[in-house]
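These are my notebook entries on a structure I looked up. I record below what I searched for and what I found.

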Amino acid sequence: MTMTLQAATDPMRIHPNRLIHFWRTRPEPWRVAIVGFLIARLLYGLWSAIILSIQPLAVQNIVISGEPVLAVFNLNTSQANTYLREINGQALAFRPWGENTMADLQTGSIWNASTGTAVEGHYTGSMLLPSSTSPSRLFPYHQRAPYPAGWLAIWQRFDANWYLSIAEDNYGRIGGDVHFPPLFPALIRLLRPLFGSTFLAGLFIAHLATLYAIKLLYEVYRNWGDALTARRTTALFLLYPTSFFLFSVYSESLFLVAVLLSLRCMTMHDWPWAGFWAFCAFLTRLQGAALVIPMLYLMWSDQPSLRRPVHWFSLALPVTGGLLYLFLRSTQATNDIIPLVEANLHARLVPPWENYWYAVQTLLSGEFAFVDLLNWIVVTLFIMLLAYGWHRIPLAYNLYTTFSLIFVLMRMVETQPLVSMSRYSLTLFPAFFVLSQASDNPWARRLITYAFISLNLYLSAQFFSW
């Protein structure tokens, strides 16, 4: 009896009913956000672990400047090698075979990935010559060391290393880093002492922003529809094929938070905060310029229209963000402050329809990669969702989506039309509400869900393996 009474009155003991009560009394947006975030994070963790265990060696057979190149990357150790995949004048093709070995398709010989030496089969004792293409060109860490733990380093890919480089060394160390606005790397640099690593600091910021963005998204969707529609739309957003970028050192989640807060403040006519968050969005992604249009529209409805000092002060904030970024560009060794032409990247600014038509021409030519087709499908889908849902979404949010699409489509890369649109579309969040409504039919909902999950698994695996 004494022991039972002591356990019941122990202040350190938390009764399950109290936890349940605490959870049920939390606001619904936070409960949806926490559950959605944890499920997504758990599933991505499991999927990355499966990739690491099943196919820890990434092997690419490519041709660069007429040279047949074999690019090999070990996902567990982050060791990268590039070889000339040619023996006695014959170009070989390779596939992964074990944790650090690969097999050529021509003879089935087994090769050591670290040394390029055949250890078994027809070519035993032969050695692949180093390629003139350095590993850092195909697996760009931009002078940053890969994180030592493979299960985390699998998220340190592509643009993440640009942000980490800027956070550690500021701008100017790596050519082209000025294309990345400064707010995200500045926050990474600020939190680096707490984590002892820029990579961990970047992951923390991205994860925290993702959690908050899910909460804000649910609130927006709940204002537009019932709770079931809001939960379904939030789930579609998390299942979207490129949602894995939210959990890497990318600026998408931070940008979404700034956009959602700015638009919310605009609809409440809280102009100084709306301008502040638009300022943050602009310094996170150049796409933040799209917020100026809905701001002008809502200010026009706020009497007296565009005549109050607070209007001009709030508009000045995102403009200041743009000017600060242009000043940053002017301090670097670039030819143009405004990147009308980027010859080194084969990119230039064009009318958005010209970029779209160039993508169509590329597809019709038959010389395109799967990602080119995917990017075209994504752009076409989001244009259709914008038109279909125009009267279902508040005009301010439609204006944001419209001008976001216009701005990102204005940059045409000749080597890859509609480049990265499958990722950029992740920030066009109003379209997911329209898609959710369009999927009221169970068969349509299953089709969308299965397509999203399949593409998500495929694209995230491609991301992990460079």
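I counted rings of Phe, Tyr and Trp (its six-membered ring) as a pair if their centres lie within 6.5 Å. The model I examined is predicted.

Entry on aromatic pairs. My search of the whole structure found 43 aromatic pairs. One of them joins Tyr 163 and Phe 184 in an edge-to-face arrangement, with 5.0 Å from centre to centre and 75° between the planes. This pair links distant parts of the chain, since Tyr 163 lies in helix 6 and Phe 184 in helix 7, 21 residues apart. I noted that Tyr 163 and Phe 184 are both buried.

Entry on helix 7. I located a kink of about 30° at Arg 189, shortly before the proline Pro 193. Gly 196, with a positive phi near 70°, follows the helix. The buried residues of helix 7 are Phe 184, Pro 185 and Ile 188. Their cover includes helix 6 (159-169), helix 8 (198-224) and helix 10 (252-267).

Entry on charges over rings. I found the charged end of Arg 423 over the ring of Phe 245, 5.4 Å from its centre. The charged end of Arg 446 sits over the ring of Trp 443, 5.1 Å from the ring centre.

Entry on Thr 401. I placed Thr 401 in helix 16 (residues 395-409). Its relative accessible area is 3%, so I recorded Thr 401 as buried. Leaving out residues up to four places away in sequence, Thr 401 touches Leu 386, Leu 428 and Pro 430.

Technical notes. Residues are numbered from 1 along each chain as its sequence is written. This is a predicted model: local features need pLDDT of at least 70, side-chain atom pairs count only at pLDDT 80 or more; totals for chains, interfaces and linings use all residues. Side-chain values use heavy atoms; hydrogens and water are left out. Helices (H or I, at least four residues) and strands (E, at least two) are DSSP runs, numbered from the N terminus. Buried means under 20% relative accessible area, exposed over 50%, partly exposed in between (1.4 Å probe, protein chains only). Contact means heavy atoms within 4.5 Å. The bend at a residue is the angle between axes fitted to the seven residues ending there and the seven starting there. Rings of Phe, Tyr and Trp (its six-membered ring) pair if their centres lie within 6.5 Å; planes under 30 degrees apart count as stacked, over 60 as edge-to-face and the rest as tilted. A charge sits over a ring if NZ of Lys or CZ of Arg is within 6 Å of the ring centre and within 35 degrees of the ring normal.
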